[in-house]
Amino acid sequence: MRTRRLRLTSLALSAACLLTACLAGCSNGSGSGDDTDVSLRMTVWSNDASQTALFDSIAAAYRKTHPDIRSITFDYLPIDNYTTALTTQIAGSNPPDMAWVLERDAPDFVSSGALTDLTPTLRKTPGYQYDDLTPAATKLWKQDGDLYAYPFSTSPFGMFYNKDLLKKAGVTSTPDQLVAAHQWTWQNAEKTAAQVVAHTDKQGLVVRDWDYKTWIELASLWRGWGADAWSADGRTCGFDTPQMRQAMTFLHDAIFTDKALPGPGETADFFAGESALTVTQISRATLLADHPFDWGIVPLPSGPAGASQVIGQAGIGVMAKGAHKQQAADFLAYFSDPANSAKLARYFPPARTSQLTTAALAKANPLFTAQQLQDVVIDGIKDGAVLPSHEDSAKIANLVQNALDPMWKAGANVDSVLAGVCKAIKPALSE
């Protein structure tokens, strides 16, 4: 994939200048580290009370030994328009010092100059153990060997299931039993979901956060057919391949023929007991802390191309336009050091080789069994591939979403719709 400048227009901004030009000409601070009364701000998309409490506790501990830091705040931006809101701040007069960045936006942020090189700070921080960061986790956030964001969350997708609801529906082979029998396939998962719908008043399978809009979440399904949104170099559309047509035909039939998934406009929250199965990242397990039902989790099912695990990832970067770049980098080094990485692992699977063990993860994730941690988390990180990413990600995402809309109705011509997706995005892929 070619490196080029991030265009604000691709992120739904009205400014005409390139982001890199704004960075060069509109910087509002030197970040020299000479400040003695500093307030730091990090944008995040989580407003989970337990997570923000942990962030605040780490920040409070840091400030005890850094009297020059007056405050550290975590600024919540809703995930639905997170990147647009973030880039609006960067282009304007209110850039954050640090920000979470979605994996799909990594190519834009890393190549544009929007982020500061963290390598010197992380390497020189005593006890940081920079070489403990796994190459697979850092790959997306590097350019020319330098690290521009710390991959604070490398979270595999898995399939949660409601044991009580499956029993009520008369399901005799649960997902964990199918895994043990080497029969955990998308076809069997779909049959299980359809049986629940037929015999209960609940929904079957929910791909969480998809909601017929965020199509990238469907990578958790189509990669089982060996399909992907585009080629590895980002230049060739993958929506019109035979593998994608087979995967999306399977999904369409599951929705509109077998009723195994909620249809457009229907909602069901697995964590509230409203569906039997859900595909989502393992970090969602915190929603089960006070669960009213017995549950389990298994890796994503196999498709015709075999098992294919998928990872959602997010990085924390220091904004090049921030007023306090060095202080922000120093705090990020503390926030992501071995001790705090172990604490954050309760919600965000770590990028450190030393912490990717069942013993280490069990301390932070008491909800999971050792087998679940091995099968879903450790093996998922080791064998999985990150969700699709591309330069001009927001522009391409909108093009795909609009082109896919005709598919979400009974009787849709799947092949024709997928051909239309490629027609819509090919110009953007070739830019």
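Reader: By about how many helical turns are aspartate 379 and lysine 382 separated in helix H15?

Author: About one helical turn separates aspartate 379 from lysine 382, because they stand three residues apart in helix H15 (residues 370-383). Helices (H or I, at least four residues) and strands (E, at least two) are DSSP runs, numbered from the N terminus. This is a predicted model, in which local features need pLDDT of at least 70 and side-chain atom pairs count only at pLDDT 80 or more, while totals for chains, interfaces and linings use all residues. Residues are numbered from 1 along each chain as its sequence is written, and side-chain values use heavy atoms, with hydrogens and water left out.

Reader: What joins the side chains of aspartate 379 and lysine 382?

Author: A salt bridge is a side-chain nitrogen of Lys or Arg within 4 Å of a carboxyl oxygen of Asp or Glu. The side chains of aspartate 379 and lysine 382 form one, at 3.9 Å from N to O. Lysine 382 is exposed, at 60% relative accessibility; buried means under 20% relative accessible area, exposed over 50%, and partly exposed in between (1.4 Å probe, protein chains only).

Reader: How many salt bridges does the structure hold?

Author: There are ten salt bridges. In one of them, arginine 41 pairs with aspartate 75, with the closest N and O atoms 2.8 Å apart. Arginine 41 belongs to strand E1 (residues 38-44) and aspartate 75 to strand E2 (residues 69-76), so the pair ties together parts 34 residues apart in sequence. Arginine 41 is buried at 15% relative accessibility, whereas aspartate 75 is partly exposed at 23%.

Reader: How is the packing of two helices described?

Author: The description uses the angle between the axes and the distance between them. Axes are lines fitted to C-alpha atoms, for helices over the stretch in contact, and angles run from 0 to 180 degrees between N-to-C directions. Helix H2 (residues 49-64) and helix H12 (residues 325-335) pack at about 115°, their axes being 10 Å apart.

Reader: Which residues make the contact between H2 and H12?

Author: Contact means heavy atoms within 4.5 Å. H2 contributes Phe55, Ile58, Ala59, Ala61 and Tyr62, and H12 contributes Gln327, Asp330, Phe331, Tyr334 and Phe335. By class, eight are nonpolar, one is polar and one is charged (Ala, Val, Leu, Ile, Met, Phe, Trp, Tyr, Cys and Pro count as nonpolar, Asp, Glu, Lys and Arg as charged, and the others, Gly among them, as polar).
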